[in-house]
Amino acid sequence: MFMGTTPFITVRARRPLTEIEFCAWVAQAMPGDRLEYHRGFLVLDIFPMFARLPDQQRAELARLGSRAFWAAEQGLVHLVQERTGPDQFAYIAVARPKPKAAAVSLSALLLAEQGQPDHATGSSGRAAA
C-alpha cells in the first residue's frame, strides 16, 4: 500500500515575532508544525556592534532567540536553520509532540522561570535545592 507523504509547510510571519507570540505558537502548535521565527544571521543581528536594528528591536530579537532555545531545551520544539543565501538563514522551530502526562503547563513553566507564583497552584514553581 502506498503511503503518501505530507509536505512540510513552514509558517513565516509578515513582521518580526515577539517572544510572547512565539510562546503562543508553541502552546498551540501541533507536532510537525513549523514556524520561521527569524530570517537573517541571528547572532550578528542581536550583537550591538553589527546589528542594523534599533536597540528595542534588537532586545526583542534577543529575547525571542533565547525563548526559542529555552523551548528546545524543554523538549517542546526542534530548532532548525536553513541557509537562504550568503550569511542569511531561516531560523525555524518545529513543534514536537507534547507529553501526554505533562506535569505543568507552558504558562506555569514560564512563570516559574521568572520566579512568579503560579496562581493555579499557589507555588512559585522554583524547585527546591
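Predicted model: local features only at pLDDT ≥ 70, side-chain atom pairs only at ≥ 80, totals over all residues.
Which pattern does the protein follow, read along the sequence? The answer is β-α-β-α-α-β-β-α. The secondary structure comes to 4 helices and 4 strands, in a protein of 129 residues, 32% of which count as buried.

Two overall figures next. Take the contacts in the protein with a separation of 6 or more: 54% of them are accounted for by residues 24 or more positions apart.

The 4 strands form an open sheet with mixed pairing, and the order is β1-β2-β4-β3. At the edges are β1, residues 10-12, and β3, residues 77-85, each of which pairs on one side only. On average, neighbouring strands of this sheet are turned by 30 degrees against each other, with direction ignored. Helix α3, residues 55-73, packs on the sheet and touches β2 and β3. The direction of α3 makes about 130 degrees with that of β3.

Let me go through β4 and its partners. Strand β2, residues 34-40, pairs with β4, residues 88-95, in the antiparallel sense, and there are 6 bridges. Within that pairing, Glu36 has Ile92 of β4 as its bridge partner. Strands β3 and β4 also pair in the antiparallel sense, over 8 bridges. Here Gly85 stands opposite Gln88 in β4. The hairpin of β3 and β4 has 2 residues between the strands, and in this hairpin Asp87 takes a positive phi near 55 degrees. As for cover, β4 is mostly covered, with 7 of its 8 residues buried.

On to the core. In soluble globular proteins, nonpolar side chains tend to be buried together. In this model, the largest nonpolar core has 21 residues. Those with the most contacts inside the core are Phe22, Trp25, Tyr37 and Val77. The elements giving two or more residues to this core are α1 (19-28), β2, α3 and β4. Helix α3 provides the largest share, 5 residues.

Which residues does Val77 contact, leaving aside its neighbours within four places in sequence? The list is Trp25, Val26, Ala68, Ala71, Ala72, Ala93, Val94, Ala95 and Arg96.

Next, the aromatics. A search of the whole structure finds 6 aromatic pairs. For one of these, Phe22 and Tyr37, the ring centres are 5.6 Å apart and the planes are at 65 degrees. Why does that pair count as edge-to-face? The cut-off for edge-to-face is over 60 degrees, so the angle of 65 degrees between the planes of Phe22 and Tyr37 puts the pair in that class. Phe22 lies in helix α1 and Tyr37 in strand β2, so the pair ties together parts that are 15 residues apart in sequence. Phe22 and Tyr37 are both buried. These two residues also belong to one aromatic cluster, formed by Phe22, Trp25, Tyr37, Phe41, Phe89 and Tyr91.

Is Arg58 buried or exposed? Arg58 has a relative accessible area of 15%, and the cut-off for buried is under 20%, so Arg58 counts as buried. Leaving aside its neighbours within four places in sequence, Arg58 is in contact with Asp45, Ile46, Phe47, Pro48, Ala51 and Leu53.

Methods
Residues numbered from 1 in each chain as written. Heavy atoms only, no water. Pairing = 2+ DSSP bridges. Axes fitted to C-alpha atoms, helices over the stretch in contact; angles between N-to-C directions. Contact = heavy atoms within 4.5 Å. Buried < 20%, exposed > 50% of the residue type's maximum accessible area, 1.4 Å probe, protein only. Core = buried A, V, L, I, M, F, W, Y, C linked by side-chain atoms within 4.5 Å. Phe/Tyr/Trp six-rings, centres within 6.5 Å; stacked < 30°, edge-to-face > 60°.
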